[in-house]
Amino acid sequence: MGRKFFVGGNWKCNGTTEEVKKIVGTLNEAQVPGEDVVEVVVSPPYVFLPFVKSLLRSDFHVAAQNAWVRKGGAYTGEISAEMLVNLDIPWVILGHSERRQLLNETNEFVGDKVAYALSLGRKVIACIGETLEQREAGTTIAVVAEQTKAIADKVSNWDNVVLAYEPVWAIGTGKVASPAQAQEVHAALRKWVHDNVGAEVAASVRIIYGGSVNGGNSKELASQPDIDGFLVGGASLKPEFIDIINSATVKKN
């Protein structure tokens, strides 16, 4: 089974109502391959989710940027997966390195979050990735394997999971993992899934790359055999996001 190319746009903590309208307008007019070729998901801040959903073209979907680890209740400032169900938001990004680093989300906590969101029928973009210190120490593969294991320990069905490999040193820094560096980690991750989860999941799970992806480097990255798409940060707020979506055609050829 071919893995459908996946492009996610993480808007992070950016945007005003006017800016959001403009971004969605650009997306709605874009000429991109059909849903049979590429799956596109955009992730605006929570306050704009229903607004974006109401304006966005029907072949693109929306994702939340986070969700609480269990049922809602006395958790001031948190948003529960139940609310995402209620608002019909199909996707959620979990375990982003900014949350792991700034808010001290542990591997186990992220694994619990992924399992809980999946149990409520949400689809999850689960993020993993090493810091610069870890890469320089040569522990990249061990780090991402450990992060993936914490998810695998809690998840039995991977149908609604997309793994996003985002080297922390490449996020928002302008530094990009070379296509060969990214492919090396993606291949190692797929092998880990093969050996520890199963051959079928390894063949079907999409492993996408994030970390300073832009219109200029997306085609070369997309041509790597184990890169199944992108999680795009800053560039997802710009018209070049459309070029990144269009890099999906590299796989078709």
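**Salt bridges and a buried valine**

Trainee: How many salt bridges does a search of the whole structure find?
Mentor: Keep in mind that this is a predicted model. Side chains of opposite charge can pair when their charged atoms come close. A search for such salt bridges across the whole structure gives a total of 14.

Trainee: Happy to start there! Which parts of the structure hold glutamate 98 and lysine 12, and how many residues apart in sequence are they?
Mentor: These two side chains meet in a salt bridge, with N to O at 2.8 Å. Glutamate 98 belongs to helix α4 (residues 97-102), while lysine 12 sits in the loop between β1 (5-10) and α1 (17-29), so the pair ties together parts whose separation in sequence is 86 residues.

Trainee: Good to know. What is the distance between the closest N and O atoms of lysine 53 and aspartate 88?
Mentor: A salt bridge needs the nitrogen within 4 Å of the carboxyl oxygen. Lysine 53 and aspartate 88 form one, and their closest N and O atoms are separated by 3.7 Å.

Trainee: And where do lysine 53 and aspartate 88 lie in the chain?
Mentor: Lysine 53 is partly exposed at 34% relative accessible area, and aspartate 88 is partly exposed at 47%. The pair links distant parts of the chain, 35 residues apart: lysine 53 is in helix α2 (residues 49-55), and aspartate 88 is in the loop between α3 (81-86) and β4 (91-94).

Trainee: Which residue forms a salt bridge with arginine 57?
Mentor: Arginine 57 is buried, its relative accessible area being 17%. In its salt bridge the closest N and O atoms are 2.7 Å apart, and the partner is aspartate 59.

Trainee: Let's turn to valine 124. What is its C-alpha to C-alpha distance to leucine 163?
Mentor: Valine 124 is part of strand β5 (residues 123-128), and its 0% relative accessibility makes it buried. Leaving out residues up to four places away in sequence, valine 124 touches several residues, among them Trp91, Leu94, Val114 and Val162. Leucine 163 is 39 residues from valine 124 in sequence, and the C-alpha to C-alpha distance is 8.3 Å.

Definitions and conventions:
Residues numbered from 1 in each chain as written. Predicted model: local features only at pLDDT ≥ 70, side-chain atom pairs only at ≥ 80, totals over all residues. Heavy atoms only, no water. Helix = DSSP H or I, 4+ residues; strand = E, 2+ residues; numbered from the N terminus. Buried < 20%, exposed > 50% of the residue type's maximum accessible area, 1.4 Å probe, protein only. Contact = heavy atoms within 4.5 Å.
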